[in-house]
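Open the model in your viewer and keep the sequence panel beside it. The tour below says what to select at each stop and what is there.

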Amino acid sequence: MSRRDAAHGASDAIGSALYGLATRAVRRLPREMSLTSAATLATLDKTGPRRITDLAVAEGVTQPAMTVLVRVMEESGLVERKGDPSDKRVTLVCLTEAGASYVRTRRQAGVDAYTRLIDELTGDEVEALAAALPALLHLAELESHAREESDR
């Protein structure tokens with residue numbers, strides 16, 4: 001097996017492990033709301049106020065579907081609509097403090113779940129994860145950039 005084939009095999013194995021962890025983590029989260037709603041709140045938390053059409057593109061749904069989703073989240077007090085100071089014709093969707101709190105609480109629940117699992121690993125396994133942390137953070141950064149590019 002060539003070095004390149006071995007590296008590709010490692011990439012496949014790592015990708016499979018990360019995908020499996022991510023999908024299991026999503027399945028374990030509380031289901032007070034749809035994944036699209038939770039993802040929309042997380043997007044607003046990360047990027048700040050956005051137009052409904054931009055949110056629809058970012059979350060991969062139609063504009064009418066996002067309009068309904070925003071209305072439901074608005075009624076729940078998680079988001080609010082505000083005028084765009086730079087263009088009075090535009091309405092932006094913004095997180096409320098309750099929405100930001102929800103995102104923080106949900107994120108912390110995910111962190112806590114992984115922390116409990118990591119606490120069950122051996123010292124060597126924890127050290128291996130710690131050594132991989134820079135690569136994992138870079139991988140998250142690359143994914144974020146790829147997503148931003150696809151949103152355009």
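**Before starting**

This is a predicted model, in which local features need pLDDT of at least 70, side-chain atom pairs count only at pLDDT 80 or more, and totals for chains, interfaces and linings use all residues. Residues are numbered from 1 along each chain as its sequence is written, and side-chain values use heavy atoms, with hydrogens and water left out.

**Stop 1: helix α2**

Select residues 35-47, which form helix α2. Helices here are DSSP runs of H or I with at least four residues, strands are runs of E with at least two, and both are numbered from the N terminus. The expected span of a helix is 1.5 Å times one less than its number of residues. For the 13 residues of α2 that gives 18 Å, and the end C-alpha atoms are 18 Å apart, so the two values agree.

Now colour Ser37, Ala38, Thr40, Leu41, Thr43 and Leu44, which are buried residues of α2. Buried means under 20% relative accessible area, exposed means over 50%, and partly exposed is in between, using a 1.4 Å probe and protein chains only. An α-helix has 3.6 residues a turn, so residues three or four places apart point the same way. Just after α2, select Gly48, which takes a positive phi of about 90°.

**Stop 2: the core**

Which residues have the most contacts inside the largest nonpolar core? Select Leu41, Met66, Val70, Val79 and Val93; the core they belong to has 18 residues. A nonpolar core is a set of buried Ala, Val, Leu, Ile, Met, Phe, Trp, Tyr and Cys residues joined through side-chain atoms within 4.5 Å. The elements giving two or more residues to this core are α2, α3 (52-59), α4 (63-75), β2 (87-95) and α5 (97-118). Helix α4 gives the most, with four residues. In soluble globular proteins, nonpolar side chains tend to be buried together.

Stay on Leu41 and show its surroundings. Not counting residues up to four places away in sequence, Leu41 touches Met33, Met73, Leu78, Val79, Leu95, Tyr102 and Val103. Contact means heavy atoms within 4.5 Å.

**Stop 3**

Axes are lines fitted to C-alpha atoms, for helices over the stretch in contact, and angles run from 0 to 180 degrees between N-to-C directions. Angles under 35 degrees count as roughly parallel, over 145 as roughly antiparallel, 65 to 115 as roughly perpendicular, and the rest as oblique.

Show α3 with α4: their axes come within 9 Å and cross at roughly 105°. That makes α3 roughly perpendicular to α4. On the α3 side the contact involves Ile52, Thr53, Leu55, Ala56 and Glu59, and on the α4 side Gln63, Met66, Thr67 and Val70.

Next show α2 with α5, whose axes come within 9 Å and cross at roughly 110°. These two helices, α2 and α5, are therefore roughly perpendicular to each other. Leu35, Ala38, Leu41, Ala42 and Asp45 of α2 make the contact with Tyr102, Val103, Arg106 and Arg107 of α5.

Last, show α2 with α4, where the axes come within 11 Å and cross at roughly 80°. Here Thr36, Ser37, Thr40 and Leu41 of α2 meet Met66, Leu69 and Met73 of α4.

Zoom in on Leu69 in helix α4. Leu69 is buried, at 15% relative accessibility. Beyond residues up to four places away in sequence, Leu69 touches Ser34, Thr36, Ser37 and Thr40. Ser34 is 35 residues from Leu69 along the chain, with their C-alpha atoms 9.5 Å apart.

**Stop 4: Thr96**

Select Thr96, in the loop between β2 and α5. Is Thr96 buried or exposed? Its relative accessible area is 16%, so Thr96 counts as buried. Leaving aside neighbours within four places in sequence, Thr96 is in contact with Gly77, Leu78, Val79 and Glu80.

**Stop 5: salt bridges**

A salt bridge is a side-chain nitrogen of Lys or Arg within 4 Å of a carboxyl oxygen of Asp or Glu. By this rule there are five salt bridges. Side chains of opposite charge can pair when their charged atoms come close.

- Select Asp87 and Arg89: the closest N and O atoms are 3.0 Å apart. Asp87 is buried at 17%, whereas Arg89 is exposed at 74%.
- Select Arg104 and Glu97: the closest N and O atoms are 2.8 Å apart. Arg104 is partly exposed at 43%, and Glu97 is exposed at 54%.
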